[in-house]
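User: Please take me through this structure, giving the criterion behind each term as it comes up.

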There are 2 protein chains.
Amino acid sequence: MSQYKHVALVGLGLLASSISLAMRRADMTAKITGTARSKETRETALALGLVDEVFSTAAEAVQGADLVILCVPVGAMAAIAEEIAPHLAEGCTVSDVGSVKQAVAEALGPHMPDGVHLIPAHPMAGTEKSGPEAGFASLFDNRWLLITPLPDSSHSAVERLEVFWTQLGSNVELMEIEHHDLVASVISHTPHLIAYTMVGVADGMNRVAKTEVVNYSAAGFRDFTRIAASDPTMWRDVFLNNKDATLEVLGRFTEELLALQRAIRLGDGDFMFDYFTRTRDIRRSIIDAGQDTEAADFGRGKPE
Amino acid sequence: MSQYKHVALVGLGLLASSISLAMRRADMTAKITGTARSKETRETALALGLVDEVFSTAAEAVQGADLVILCVPVGAMAAIAEEIAPHLAEGCTVSDVGSVKQAVAEALGPHMPDGVHLIPAHPMAGTEKSGPEAGFASLFDNRWLLITPLPDSSHSAVERLEVFWTQLGSNVELMEIEHHDLVASVISHTPHLIAYTMVGVADGMNRVAKTEVVNYSAAGFRDFTRIAASDPTMWRDVFLNNKDATLEVLGRFTEELLALQRAIRLGDGDFMFDYFTRTRDIRRSIIDAGQDTEAADFGRGKPE
């Protein structure tokens, strides 16, 4: 059974399509409407059965919905909030899947009519793929969904959203909004920025040919390129909208990197050995927590 | 058929065990002897059938071999060269699988007796796992093996080693030794250092709990922890022995990172968007070159 009778998905990419597929898998009987900016995406989503009805505007898509989930880049949210505001049903919940939460709350809040529940949320799940064909029903299984309620969020509306996401497969946790943005910066935003940077460095080295970079990229660099293949618009918006936390974590990163660089320059093997040993522990914990497998990653699929 | 009658593997970890398994897969009839520092590793290697005979010293293991492959951390090579030198057969080839080549050539060269062919080599393949049980026969398939011949290397001895690695599944390329160390720094050494650093930062953030880092690590950080779970001794030795190239690439990295950091601070979305778009191309090229699959990485094995 479904917490909501009618779910409207604004934006029909990886996350929206995975939400739809996970809803169907959970036998939710809710009607699903959707919208996307590009005609091609709308037609694909309809053809894949991700939505019961598709509309060319968000204003139409949200009409009558008791849950609206904004699945668009963070930078696009304010304009959409303004567009949908007059069309939102009394008592409906407006949520999102954006990677930053303070900026989303600030972008959406001012537009929300009385009687509408604004509850920002962030699924800690994804792949480097984009578009409606990239989704799959198990994306959220055993992944965490962070809800960052606002001071005046209704307790029962938050609880309803929690149950919804649990049915999609997620573990749900409530988190203070500012803390969310710091945590997300440490485990997702800054790693992405660093992967982009490393790939940019390799691309820009005159003394190393591009064919060398491409052919000899085994484990290590290959994973950086996968991360750095993520959607540029989405990530631009993340950094524009999580500036303070990202700059804080980058400051720490530079400090640590310079300490390791100094150890390399001075030949301080003990410093490096201790550092590299400590980081192994975190890996162990992530596997124990079921957030990754023990299997070695080989690229190109599993060995034998 | 085999280029060599007797291959001695010094060190019995991931690479040595994969060499042995790939040799068996190619129906090479060569005798394989091996040695490792730890008794447990030696016994495991013997039990797994990776070696025909195992010895507690490298001096014994190399006796009568026409190919000796040093599969130990770079920092251990000089001492082993000194130990095995008096026991090497006339005309045998001594090679290795170390990640840096200039330092290996300098560590081994002075100890090599006349009539022995020293030919450093580096397979661009691996996983984050260590030990004799981590190997698999297809590790080298379609991966590149870089040979860095010395100025006086015998052409026919190099050619023989090329054929051997081709039979193990590798594509083989000859490369100038100093250039190798720069290329390896760009596509492997520096990315590893950066992954270690990012995981170290996450570990050291007082305001973010370790459980948060562990539970919410989806794509992005999760891959960094995998890379940062690699063998600490091996990587300490890499950085101690490829100092100049690593410092050069780190200099470039810091420069690029500061440019992106500045764009974040100034809110320069166009700079970021262009940067993130450029890095997508490299990914495309790596997939086209068969060095990774198109499949999204999800951690925890493939979706559905």
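User: What rotation and shift superpose chain B on chain A?

Analyst: The model is a predicted one, in which local features need pLDDT of at least 70 and side-chain atom pairs count only at pLDDT 80 or more, while totals for chains, interfaces and linings use all residues. Residues are numbered from 1 along each chain as its sequence is written, and chains are lettered from A and ligands numbered from 1 in the order in which they are written. Chain B is superposed on chain A by a rotation of 180° with 0.0 Å of shift along its axis, at an RMSD of 0.1 Å.

User: Why are the two copies described as related by a two-fold rotation axis?

Analyst: The rotation is 180° and the shift along the axis is 0.0 Å; the copies are thus related as by a two-fold rotation axis. In chain B, the C-alpha nearest this axis belongs to B:Asp223, 3.4 Å from it.

User: How do you know that the copies meet through the same surface?

Analyst: Of the interface residues of chain B, 99% are also interface residues in chain A, so the surface is the same. Contact requires C-beta atoms, placed from the backbone, within 7 Å; by this criterion, 96 residues of chain B are in contact with 95 residues of chain A.

User: Which helix supplies the largest share of the side of chain B that touches chain A, and how do its residues divide by class?

Analyst: Helix 7 of chain B gives the largest share, 18 residues. Helices are DSSP runs of H or I with at least four residues, and strands are runs of E with at least two, numbered from the N terminus. The side of chain B that touches chain A has 51 nonpolar, 24 polar and 21 charged residues. Ala, Val, Leu, Ile, Met, Phe, Trp, Tyr, Cys and Pro count as nonpolar, Asp, Glu, Lys and Arg as charged, and the others, Gly among them, as polar.

User: What makes strand 3 and strand 6 of chain B edge strands?

Analyst: The open sheet has six strands in the order 3-2-1-4-5-6, with parallel pairing. Strand 3 (53-55) and strand 6 (117-118) of chain B each have a single partner strand, so one side of each is left without a neighbour in the sheet. Pairing requires at least two bridges found by DSSP; strand 2 (residues 31-35) and strand 3 of chain B have three, in the parallel sense. In strand 3 of chain B, B:Val54 is the bridge partner of B:Gly34.

Conventions:
Contact = placed C-beta atoms within 7 Å. Least-squares fit on C-alpha atoms with pLDDT ≥ 70 in both.
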